[in-house]
Amino acid sequence: VSALALDNIGLLVTNDPALGAGPLGIVRDAALVFDGDRVAAVERAGAAADERIDVRDRCVIPGFVDSHTHLVFAGDRAEEFAARMAGAPYAPGGIWNTVTSTREAGDADLRGLTEARRREALRAGITHLEIKSGYALDVPGEARLCALAAEVTEDATFLGAHLVPREYEGRPDDYVALVSGEMLAACAPHVRWIDAFCERGAFDADQARAVLEAGRAAGLGLRIHANQLGLGPGVQVGVELGAASADHCTYLSEGDVEAFAGSETVATLLPATDFSTRQPYPDARRLLDAGATIALATNCNPGSSNTTSTSFCIALAVRELGMTAEEALEAATSGGARALRRPDLGRLTPGARADAVVLAAPSYTHLVYRPGVPLIAATARAGRLEWRDPELWPPG
Ligand code: NIG
């Protein structure tokens, strides 16, 4: 194993207050030393290493940890999006369109589509992804999606409880029994997590609880989709069951905010979804002031949020959700890691996985200040530079 140093970093975000200034643990004029796939040290610029890359005063941040995606799917729903922009509302039923195209796609095609999206995410600075199933909704199909997700990430999630499929129309409890029994048994070997979409038009509190409890009994960690389209029981169910994260949270009651604040459950906000579905934005300030932990994720999927741009999510979080640039960056890095209970990710501190992004900018503030501009010059994952922008790299 040989040491690689990113040297002459103008501003390094470590996310470790013990290593630098403020909650982001900022170190100026730094070198970041990798040893194999781990961070070995944070040093003064000029560090010795087998290989040195001079980043010429640019800003280096931890790789984005995208803790909510639905990357394994076929087809697109641009027409639904266009109809929404013309005033139509978002409805969970649209999921069925993607189920139809995903069921028809062969393994090789789905694998290729997923890999292309993973590469797109890497170009956007995402070094770790959670990926959900949920676009097959039958036993062999969900097992196939879970296996494909697990080829890309250790954080694959079984989401059989995404929508009641047409075959079970009028019999939702029979479908819940299938998800909690035979489907769970086929999917559990591939995944770390189980999730349920608890919303009017999808699954109610009792149904979501039944699915999540079955998942827990099978050894899986819990996540929940909650309060995307209106106030509902999802946050309370998630907190009550000790879910790692309750996601969306576009609508929050006082009780929901208090529940987050008194729990280990992370509130994962998905502002690109609220953008793409013309919903109001969640009030992140209220959650932060109450003491809740926030993650920001892309929710990349063909229906409600077809983007891999964490930078866009950060810009929205600052402009529309009431977060500072520092809070938004933290939520998109260490917040995502906390939502996945991955202490090895989301920080650039000795022992953590060596996942870092070199920005074509002197500061992370540019992610908000220059919205829509590609600023990801290079992405390192597990100690290797896996993406270099041909225009922005090497640093000039
Ligand atoms: O997180 N809310 C449920 N699932 C996805 C949307 C899926 C779709 O519309 O295809 C979400 O927004």
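A nitrogen atom of the ligand lies 2.7 Å from an N or O atom in the Gln228 side chain, a polar contact (a pair of N or O atoms within 3.5 Å). This is a predicted model, where local features need pLDDT of at least 70, side-chain atom pairs count only at pLDDT 80 or more, and totals for chains, interfaces and linings use all residues. Residues are numbered from 1 along each chain as its sequence is written, and side-chain values use heavy atoms, leaving out hydrogens and water.

**Exercise 1.** Work out what surrounds the ligand.

*Step 1.* Start with the shell: 15 residues surround the ligand, and Arg77, Tyr90, Tyr135, Gln228 and Ser304 are the closest. To be near, a residue needs a heavy atom within 4 Å.

*Step 2.* Sort that shell by type and you get four nonpolar, ten polar and one charged. Here Ala, Val, Leu, Ile, Met, Phe, Trp, Tyr, Cys and Pro count as nonpolar, Asp, Glu, Lys and Arg as charged, and the others, Gly among them, as polar.

*Step 3.* Now look at ligand oxygens: one is 2.6 Å from a side-chain N or O atom of Arg77, and there is a 2.5 Å distance from a ligand oxygen to a side-chain N or O atom of Tyr90.

Technical notes
Polar contact = N/O pair within 3.5 Å; in protein donor to acceptor, adjacent residues only side chain to side chain.
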